[in-house]
Amino acid sequence: FFTCAASSTGKYHPSYALGDGGLVRHTKAAVALAKDLLGLEMYQGAYTPEEKDLILAALILHDGMKHGLNGSSFTVTEHPVIVAEWIVNEMNAKNVIGEQNAETLSNTIASHMGQWNYDYKSKREVLPKPSSKMQKFVHQCDYLASRKYLEVNFDAINYVGDRV
């Protein structure tokens, strides 16, 4: 996670997300977008404080196993499900976040790829599409953080202080 690029081919992410540490930068951008959007007046009351925390946690964890459990050279299509299963099996089993939060977090991460939910080789659907408002919001932030025409000034991001 800390050393790989956000895109193994370089086709699907902006330049800041490529190369060593690119996945970390992509994740920081997605979290920063979420914090800014959640701070907008139109989102006030749309999510509870706990839901906002789960949204940010989902974005922090969403690509945590992008190269699968065996360290594939390329992105593993099912990486969202791998992370989602880890959350349910590990975080819930150890009662880190509780069963309901583990399920919500797991489902939100599993669907973060949106319409790109199929295996490119077999052409079969392998990931769920976002359906809840939290799932759609996380997908949107991840999507925006992957747009090549949006560059992020990481020096200008404030991750602490303001509460969303």
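Contact here means heavy atoms within 4.5 Å. Keep that in mind for the packing. One more thing before we start: this is a predicted model.

Let's begin with helix H3. Which residues of H3 are buried? They are His79, Pro80, Ile82, Val83, Ala84, Ile87 and Met91.

Now check the length of H3. The helix has 14 residues, 79-92, and at 1.5 Å a residue it should span 20 Å. Its end C-alpha atoms are 19 Å apart, so the two values agree.

Next, the core. In soluble globular proteins, nonpolar side chains tend to be buried together. In this model the largest nonpolar core has 31 residues. Those with the most contacts inside it are Ala34, Tyr47, Ile55, Leu59, Ile87 and Phe137. H1, H2, H3, H4 and helix H5 (133-145) each supply at least two residues of this core. Which helix gives the largest share? H1 does, with seven residues.

Ile55 is then in contact with Ala34, Leu38, Tyr47, Met134, Phe137 and Val138.

The largest pocket has a volume of about 860 Å³. It is lined by 28 residues, and the closest to its centre are Tyr12, Thr75, Thr77, Met113 and Tyr120. H5 gives the most to this lining, with three residues.

Stay with H5, and look at Gln135, which lies in that helix. Is Gln135 buried or exposed? Its relative accessibility is 11%, and the cut-off for buried is under 20%, so Gln135 counts as buried. Skip the residues up to four places away, and Gln135 touches Asn107, Thr108, Ser111, Lys129 and Pro130. With Asn107 there is a polar contact: a polar atom of the Gln135 side chain lies 3.4 Å from the backbone oxygen of Asn107. Gln135 and Ile60 are 75 residues apart along the chain, and their C-alpha atoms are separated by 14 Å.

Last stop, Ser7. Where does it lie? Ser7 is in the segment before helix H1 (22-38). Ser7 counts as buried because its relative accessibility is 7%. Its side chain reaches the backbone nitrogen of Lys11 at 3.5 Å. Not counting residues up to four places away in sequence, Ser7 touches Tyr12, His13, Ala17 and Leu18.

How values were computed: Residues are numbered from 1 along each chain as its sequence is written. This is a predicted model: local features need pLDDT of at least 70, side-chain atom pairs count only at pLDDT 80 or more; totals for chains, interfaces and linings use all residues. Side-chain values use heavy atoms; hydrogens and water are left out. Helices (H or I, at least four residues) and strands (E, at least two) are DSSP runs, numbered from the N terminus. Buried means under 20% relative accessible area, exposed over 50%, partly exposed in between (1.4 Å probe, protein chains only). A polar contact is a pair of N or O atoms within 3.5 Å; within protein, one must be able to donate a hydrogen and the other to accept it, and residues adjacent in sequence count only if both atoms are side-chain atoms. The expected span of a helix is 1.5 Å times one less than its number of residues. A nonpolar core is a set of buried Ala, Val, Leu, Ile, Met, Phe, Trp, Tyr and Cys residues joined through side-chain atoms within 4.5 Å. On a 1 Å grid over the protein atoms alone, a cavity is a set of points where a 1.4 Å probe fits but cannot get out, and a pocket is an open set with protein on both sides within 12 Å along at least five of seven lines; lining residues have an atom within 4 Å of a point. Grid points are joined across faces, edges and corners, and a volume is the space filled by probe spheres set on the points.
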